[in-house]
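Have the structure open as you read.

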Amino acid sequence: MNYFPDEVLEHVFDFITSHKDRNSVSLVCKSWYKIERYSRQRVFIGNCYSISPERLIARFPGLKSLTLKGKPHFADFNLVPHDWGGFVYPWIEALAKSRIGLEELRLKRMVVSDESLELLSKSFVNFKSLVLVSCEGFTTDGLAAIAANCRFLRELDLQENEVDDHRGHWLSCFPESCTSLISLNFACLRGEVNLGALERLVSRSPNLKSLRLNRAVPLDTLQKLLMRAPQLVDLGIGSYVHDPFSEAYNKLKIAIQRCKSIRSLSGFLEVAPHCMSAIYPICGNLTFLNLSYAPGLHGNKLMKLIQHCRKLQRLWILDCIGDKGLGVVALTCKELQELRVFPSDPFEAGNAAVTEEGLVLVSAGCPKLNSLLYFCQQMTNAALITVAKNCPNFIRFRLCILDPIKPDPVTNQPLDEGFGAIVQSCKGLKRLSLSGLLTDQVFLYIGMYAEQLEMLSIAFAADSDKGMLYVLNGCKKLRKLEIRDCPFGDAALLEDVGKYETMRSLWMSSCEVTLGGCKSVAEKMPSLNVEIIDESEQMEFNLDDKQKVDKMYLYRTLVGHRKDAPEYVWIL
Amino acid sequence: MSPPLLGVEEEVQSSVSSPSVECISENGMGLKERNYLGLSDCSSVDSSGVSSNLNLATELRLGLPGSQSPERETEFCLLNLGKLDEKPLFPLLPSKDGICSSSQKNVVTGNKRGFSDTMDGFSEVKGYVYTEKSWMFHEAGSDSESPQSVGHGKYPGNSGVNVILSTRSPGVQASVKQDEPANVLQEQPRATNGTSLKQTVISNNTTGAPAAKAQVVGWPPIRPFRTKTLAASSKNNDEVDGKPGPGALFVKVIMDGAPYLRKVDLRTYSTYQELSSALEKMFSCFTLGQCGSHGTAGKEILSESRLKDLLHGSEYVVTYKDKDGDWMLVGDVPWEMFIETCKRLKIMKSSNAIGLAPRAVEKSKANNKKEFGYGC
C-alpha cells in the first residue's frame with residue numbers, strides 16, 4: 001500500500017462509507033490514518049459528551065456532515081430532567097469559528113435553541129440538511145431563520161420534536177429563490193402554517209420528494225399540493241377529514257392517483273375513516289406505512305386499507321388494529337420486515353388490544369420480519385418460542401408488555417424461556433428490550449447466546465446481581481446497557497469496570513447501586529464520566545457512601561468532565 | 001372526568017386470583033372500592049415497613065387478608081381527594097385558559113412540558129392505578145426487608161412500580177412543573193432497610209390533569225410527544241363532532257366562578273340570541289349568587305333582560321375559543337361561521353376581558369395571541 005499515492009487511497013476510501021469501516025481503516029497505519037482523516041466527510045458521534053467539538057474539528061477538517069446524539073435513551077421516557085444537557089450550541093459555535101464547511105447536521109435528543117439555529121443558518125454557506133429527532137428548546141422562530149438564510153437548503157426534517165410554535169410565518173421565510181428543497185417534514189408542529197406560502201413553496205420545488213404535513217394543513221390544501229408535486233415519494237398527511245361527497249374529495253382522488261411514486265405514507269393526524277378509499281390506488285406501491293398517530297382509523301376500515309398494501313416492508317400501527325388486524329397483516333404483507341405496534345391507550349392497562357396471538361400470526365405470515373417494537377397486553381413463552389422459530393432474522397426485538405412484571409398468563413411462569421428462545425434463534429440480534437416477569441435466568445441466556453447484541457434495555461427484571469453479570473460477561477459487543485428498577489448493586493457494577501470503556505454508556509436507575517460503588521468506578525476508570533442525577537437534594541445533605549443512587553449514567557469520554565451539567569448532576 | 005374513573009373501575013373489577021405477581025397485571029383485587037378519580041396514590045415504600053399508601057378516601061386497605069395494610073399519607077392523599085372531587089377541571093381553566101388559549105398548540109419550552117399538558121387533554125389522561133399492584137407485591141413479599149423475596153424476584157423493593165401520584169391539588173398541579181411531584185415524593189424518607197425507594201412519579205404522559213391516574217414514571221416507554229399527540233387527537237375527535245355534516249356540536253361552556261362546566265349543542269340554536277338566552281338560563285343560578293339572591297323567587301325577579309345586562313352589560317362577556325386557539329368575542333361573525341369555528345365558550349367577567357376587542361373576520365396570526373392570553 002505504500003506504493004499508492006495518497007490520492008489513490010483517498011479515492012479508494014471514498015467507497016468506504018460506513019462509520020465503522022472508516023474507523024477501522026484509520027487504525028491500520030499512520031499514513032492511512034492521515035489520509036482517512038482528511039478525506040472524511042461524515043462523522044457520527046453517539047454521545048456528544050464523549051468528545052469535544054475542538055478535537056473533532058482538529059481531526060476532521062473536511063467535515064461536511066455531523067450526527068450528534070445527546071441525552072441518554074431513557075430521556076425519551078421522562079427519566080432524565082430536561083436541562084440535563086446535550087446542548088448543541090457549543091458545537092455550532094465551534095464549527096462556525098473554524099470555518100468548517102458544514103452541510104448537514106443531524107441531531108437526536110439534543111437541546112437546540114433558536115440562537116443555535118440562527119447561528120447555524122448564518123455560518124455555513126452550503127448548509128443543506130437539518131434533521132432534528134426528539135429535540136427540544138427551539139421555536140418556529142429558529143425555523144424561520146433556517147428557512148430565510150440557508151440558500152441551498154435541501155432538507156428540513158423535524159421528527160417528534162417539542163417545538164414552541166409561534167404560528168405560521170416561518171414557512172413564508174423561504175425566499176422565492178429557494179427551489180432546492182427535496183425533503184420537508186414539519187408534522188410535529190402543532191400550530192397553523194401559512195397555507196399560501198406552503199403551496200408556493202411546493203410549486204417552486206421541483207425536486208421535492210418527501211413532504212410531511214402537520215395537522216393544520218387541511219384537505220383542500222393537500223389536494224393542491226399533490227397536484228403540484230406528483231413526483232413525491234414520501235407523503236405525510238396532516239388532516240384527512242372531509243365529506244366523501246364533496247368536490248374537494250373528488251379532486252383529492254384525482255390528485256392522489258397522479259402520485260404514482262409514493263412509497264411511504266404517514267400522518268393522518270386527524271382522519272375520517274370513511275374516506276380512506278381515495279388512498280387505495282397508491283397502497284399497492286407502499287413500502288412504508290405509518291398510522292401510529294391515527295387513532296381514528298381502526299376496525300374494518302383499517303383492515304381494508306392494509307389489504308391493499310401488498311408490498312409493505314415497514315408498518316407502524318396502533319394497537320387498535322387488534323390481533324385480528326395483525327392476522328390480516330400476516331396474510332397480506334409478505335414482504336414485511338419491520339413492525340411497530342404502539343399503544344393507543346397506554347395508561348389504561350386493560351385496553352391494549354393486542355396480545356401474543358397477533359405477534360405469532362405476523363411471525364408466521366411474514367418470514368422476513370427482522371425488526372419489532374411491540375406493545376401488548378400479555379405475552380407467553382410458547383408464543384415467543386414460536387416467533388423465534390418463525391423469524392430467526394431479528395435484528396431488533398423490543399417487547400413491551402404494558403404491565404412490566406407480568407408473567408406468562410397461561411403458565412404463570414416468568415418469560416425467561418421465551419426470550420431465551422429469541423436470543424438463541426436470532427443470531428444476528430443487535431438490539432433487545434425486555435419486559436414481563438423475568439428472573440436471572442433470562443440474562444444467563446442472553447449472555448450465552450446474544451453474541452451480536454449491542455443494545456439491551458432492562459426494566460423491572462432479575463433477582464440478583466448475577467443477572468447483570470451474565471450480560472456483562474457474555475455480550476462482547478455490548479455498547480449500550482440501560483437498566484431501571486432492577487436489583488443490581490455494587491457487586492455487579494464493580495465486577496469488571498474495564499468493560500465500560502468498551503461500551504458507549506451504562507444507565508442504571510432505581511437499582512441498588514450506592515454512591516460508594518459509583519465513586520469506586522469513577523476512581524478506577526478516569527476515562528469514564530460517572531454522573532449521578534439526583535434532583536431531590538439528598539445528595540447535598542447526605543453524602544453517605546452507602547446511600548443508594550437514584551440515577552447513574554456513565555459513559556466513556558476522551559475529554560473528561562463536562563462543564564455544562566446542572567446542579568443536580570454530580571460527576572464523580 | 002369520567003374517563004379516568006371508568007378506567008379505574010374496570011381495573012378494579014378484574015378478578016384477583018391469588019396474591020401472586022400475576023395478579024398485578026390484572027389489578028383486581030376484587031375490590032370494588034371506589035378510587036376517586038383514580039387519583040393519587042401517594043404510595044411509596046418507606047422504611048417503616050409500611051408498604052404503599054393508599055390514597056383512597058375510604059377505609060379501603062389493600063389487600064387480601066394477612067397482608068400488610070398500607071398506612072396512609074394523609075397530607076397528600078386526602079387533600080387531593082377532597083379537592084379533586086369538588087373541582088374536576090374547573091379551577092384550572094380560568095387561570096389557564098387565558099394563557100393556554102394563546103398557546104393551545106402546545107407551548108413547550110424545554111422544561112415546561114407540564115404546562116402544555118395541562119392545556120391539552122388533561123382530563124383525557126388515563127393512567128392506571130398502580131397501587132394495587134404494589135400492594136400485591138407486598139403480599140407476595142410482604143417482608144419489606146427483602147423485596148426480592150419469594151420466587152418472584154423482581155420488583156425490586158416494590159417501590160419501583162408505584163409511585164404515584166401526582167399532585168396535591170389541581171390548583172397546585174396547574175402551577176407546578178412536572179418535575180415537582182417527583183420532588184414531593186422524594187421527600188419521603190428513603191428506606192433504610194436496604195429497600196431502595198424507587199421514587200417514580202407519575203407523569204409519563206400528559207398529566208396536567210388532576211385526575212391523572214397513578215403511573216410509574218417512564219412506563220410504558222413511550223415518548224411524551226406521542227402521548228400528547230394522541231391525547232390531542234382524541235380530544236379533537238370528542239369535541240368537534242361533525243365537521244361537515246349534521247350531528248350535535250357540543251362545546252363546553254365555562255363560566256368564571258362556577259364550580260362546574262356545562263355543555264351546549266350549538267346546532268340547536270340558529271342565532272346568537274338563542275344561544276345567549278340559553279346560556280343565561282343555564283348559568284342563572286350562578287349569576288343569582290352574584291346578585292346575592294337565591295331561590296326561585298329570585299329567579300323571577302331577575303328577568304331575562306336583567307340577566308342579559310349581567311351577561312352582556314358590565315358584568316360578563318361571552319367569548320369563544322376558535323380553531324386557532326384564540327379567544328374571541330362572540331357576535332362578530334355570521335352565525336354559521338361561528339359554529340364552524342367555535343371550540344368552546346367562556347363567560348368571563350368583564351374585568352377579565354379587558355384587551356379583548358371585537359375583531360375583524362380576517363385576523364392576523366401574529367402576536368395578538370399573547371395579549372389575549374393575559375387578558376383572559
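1. Start with the overall make-up of chain A: you'll find 21 helices and 23 strands there. Keep in mind that this is a predicted model.

2. Of the 572 residues in chain A, 63% are buried. The chain still exposes about 20900 Å², with 52% of that coming from carbon and sulfur atoms.

3. Now for the contacts. Take those in chain A between residues at least 6 apart in sequence: 71% of them join residues at least 24 apart.

4. Salt bridges are worth a look too, and the count over all chains comes to 27. One of them pairs Glu270(A) with Arg215(A), at 3.8 Å from N to O. These two come from distant parts of the chain, 55 residues apart: Glu270(A) sits in strand 11, while Arg215(A) is in the loop between strand 9 and helix 9. Glu270(A) counts as buried because its relative accessibility is 12%, under the 20% cut-off.

5. Glu338(A) is buried, at 8% relative accessible area, whereas Arg314(A) is partly exposed, at 31%.

6. Finally, Asp564(A) and Arg562(A) form a salt bridge, with 3.0 Å between their closest N and O atoms. Elsewhere, salt bridges with shared partners tie Asp76(A), Arg109(A), Glu160(A) and Arg223(B) into one network.

Key: Residues are numbered from 1 along each chain as its sequence is written. Chains are lettered from A and ligands numbered from 1 in the order in which they are written. This is a predicted model: local features need pLDDT of at least 70, side-chain atom pairs count only at pLDDT 80 or more; totals for chains, interfaces and linings use all residues. Side-chain values use heavy atoms; hydrogens and water are left out. Helices (H or I, at least four residues) and strands (E, at least two) are DSSP runs, numbered from the N terminus. Buried means under 20% relative accessible area, exposed over 50%, partly exposed in between (1.4 Å probe, protein chains only). Contact means heavy atoms within 4.5 Å. Accessible areas come from the Shrake-Rupley method with a 1.4 Å probe; for residues, only the protein chains shown count as cover. A salt bridge is a side-chain nitrogen of Lys or Arg within 4 Å of a carboxyl oxygen of Asp or Glu.
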